[in-house]
Amino acid sequence: MKLILVRHGESEANFENYWTGWLDVDLTAKGIEQAKNAGKKIKTAGLSIDVAYESVLKRSIKTAQMILQEADARFVSEYKTWRLNERHYGALVGKNKDLIRKDFGAEQVKKWRRGFDEVPPLVKDNQFDRRYANLDPRLIPKGESLRMTSQRVIPLWQDQIVPDLMAERTVLVCGHGNSLRVLVQYLEKIPTNQVDQIDIPNATPMVYTFDSHLEISQKEIL
């Protein structure tokens, strides 16, 4: 039973250094090449993807589709879900990280970025986005801590990804820095006070092999 976790390739926001969250930004040219290379690495490793999960944001979707293309798995089923979206950074979204650091201090910014329970300043109202038109409005955050992000990601793992693994499917999950960080924290049973040490680089496949009890027997970085 194999699970492949991949963060999207470099995005425009990564390059320009602003808080992204649920903003739907595109990949850079570098990000596109990173995604293609991730797919080639997966193919070279002899992994055959059976099903793919993505967020509803284009940087995740495009990365997954390019990985599938390069890994000769473009035909497999793809599931797009808001549960894999990046953490919602509230009122910080769209703001330059360096300027926010000057205004609030490096220590506070570090807490917002890597602390497990730190909630960013909230937005007053969410703008309408048809991606979430069928979602209960109470589920749409105005800002999230990592704990809150975990509370929407882990049900996806339990309800959908685990059954795929138990059916011996190789699962690709193409998410974001924080949606994957909380999943890694959960899978590896990492204490919440050490979650800031979990690094999720762009377009770097992490391959988990599980035994029949869903315990990790091997982890490999491609």
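The model is predicted, with local features requiring pLDDT of at least 70 and side-chain atom pairs counting only at pLDDT 80 or more, while totals for chains, interfaces and linings use all residues. Residues are numbered from 1 along each chain as its sequence is written, and side-chain values use heavy atoms, leaving out hydrogens and water.

A search of the whole structure finds seven aromatic pairs (rings of Phe, Tyr and Trp, the last by its six-membered ring, with centres within 6.5 Å; planes under 30 degrees apart are stacked, over 60 edge-to-face, the rest tilted). Select Trp157 and Phe210, a tilted pair at 5.8 Å centre to centre with 45 degrees between the planes. Because Trp157 belongs to helix α6 (residues 146-166) and Phe210 to strand β5 (residues 206-210), this pair ties together parts that are 53 residues apart in sequence (helices, H or I, of at least four residues and strands, E, of at least two are DSSP runs, numbered from the N terminus).

Tyr208 counts as buried at 0% relative accessibility, and Phe210 counts as buried at 5% (buried is under 20% relative accessible area, exposed over 50%, partly exposed in between, with a 1.4 Å probe and protein chains only).

Next, select Trp22, Trp82 and Tyr132, which form one aromatic cluster.

Move to Lys97, whose charged end sits over the ring of Trp19, 5.7 Å from its centre (NZ of Lys or CZ of Arg within 6 Å of the ring centre and within 35 degrees of the ring normal). Finally, α4 is followed by Gly105, with a positive phi near 95 degrees.
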